[in-house]
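Open the model in your viewer and keep the selection panel at hand. We will go stop by stop.

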Amino acid sequence: MRVLRPAPPLLLTLHLLLATPALAGPPTAPTPAGALRVTWLGHAAFEVVSPGGTRLLIDPWLKENPRTPTAWKDLSRFAREKPTAILVTHAHGDHATDVPELARITGALVVTTGEHLRAMKIPEAQQHSVNVGGGFQLGDVRVDAVPAMHSTEPGGRPLGYVLTFADGRSLYHTGDTWLFGDMSLIQELFHPDIVLLAVGGGRWALDPRTAALAIRKYFKPSVIVPMHYGTFEPLAEEPEVRAAFSADARVRILTPGQPTSL
Ligand SMILES: [Zn+2]
């Protein structure tokens, strides 16, 4: 976590195909039919487009995010490529700062705890509150809220999210967290195929070695996408992340702004 100032508060064989890198300007690279497209936007921010076209933003901290490509910092692009929903794990500035503006620009549903929605003054029609254990269907995506071991203020409690797609695959965004025993239940219930894993450590969350332990101990994914590193001091930098997962061929180091089809 980091409170910025000023801040308001495979069932299919997984073939990892690098999609055409996003060129400056066009908001969308072609997506192979039926593919799941994941674009890291730096730090914990992702755009996920389901095989059926449901477009989700997760923790879209973009304008002041040092790792977000310039083309993604202009939030007006999301008026053209509207997300179906914006999922927020917790209230810290490096996750939620841009959410109220994005809600205004897009009119999208905003998904997080009721406490956090009210604190952000999200219009009632766009509020879609969730809490640990809750879930709902959004287009062709099932969204489930799971625990994270962190803090949040305001915001009730921190969350992670599991997205389950129509082909049966699932994707787990850990949010900011340490490893915790209930990760075994997340594995048992959702068997995530893809884990977007906070690894940056510093003073706030899982460091790369502990994140690698969390995978070894609790999960059996096909793809591991490290995130929440290399953004600012004292988060771990990429070489440390690569070293912690050195022998693991499932790890995909993504380049912010470049869509990857899974
Ligand atoms: Zn954070």
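Start with the open sheet. Its 6 strands run in the order S8-S9-S10-S11-S12-S13, with mixed pairing. Strands here are DSSP runs of E with at least two residues, helices are runs of H or I with at least four residues, and both are numbered from the N terminus. Two strands pair if DSSP finds at least two bridges between them. Color S8 (135–138) and S13: these stand at the edges, each with a single partner strand, so one side of each has no neighbour in the sheet. Neighbouring strands are turned by 20° against each other on average, direction ignored. That angle is taken between axes, which are lines fitted to C-alpha atoms.

A note on the model. It is predicted: local features need pLDDT of at least 70, side-chain atom pairs count only at pLDDT 80 or more, and totals for chains, interfaces and linings use all residues. Residues are numbered from 1 along each chain as its sequence is written.

Next, select S12 (194–198) and S13 (223–227). They pair in the parallel sense over 5 bridges. Leucine 197 stands opposite proline 226 in S13.

Now select helix H7, residues 208–218. Which of its residues are buried? They are Pro208, Ala211, Ala212, Ala214 and Ile215. These cover an arc of only 150° around the axis, which puts them on the same side of H7. The arc is that of the directions from the helix axis to the C-beta atoms. Buried means 20 or more other C-beta atoms within 10 Å of the residue's own; exposed means 12 or fewer, and partly exposed lies in between, with C-beta atoms placed from the backbone. The buried residues pack against H6 (183–190), S12, S13 and H8 (238–244). Contact means C-beta atoms, placed from the backbone, within 7 Å.

Move to the loop between S13 and H8. Histidine 228 lies in this loop. Its phi is near 55°, a positive value in a residue other than glycine. Most residues other than glycine have a negative phi, and most peptide bonds are trans. Histidine 228 is buried, with 31 other C-beta atoms within 10 Å. Proline 234 is in this loop too. The peptide bond from glutamate 233 to proline 234 is cis, with omega near -5°.

Go on to proline 154, in the loop between S9 (141–147) and S10 (159–165). The bond from glutamate 153 to proline 154 is cis, with omega near -10°.

Last stop: aspartate 59, in the loop between S4 (55–58) and H1 (70–73). Its phi is positive, about 45°, although it is not a glycine. Aspartate 59 counts as buried, with 30 C-beta neighbours inside 10 Å.

Conventions. Two residues are in contact if their C-beta atoms, placed from the backbone, lie within 7 Å. Axes are lines fitted to C-alpha atoms, for helices over the stretch in contact, and angles run from 0 to 180 degrees between N-to-C directions.
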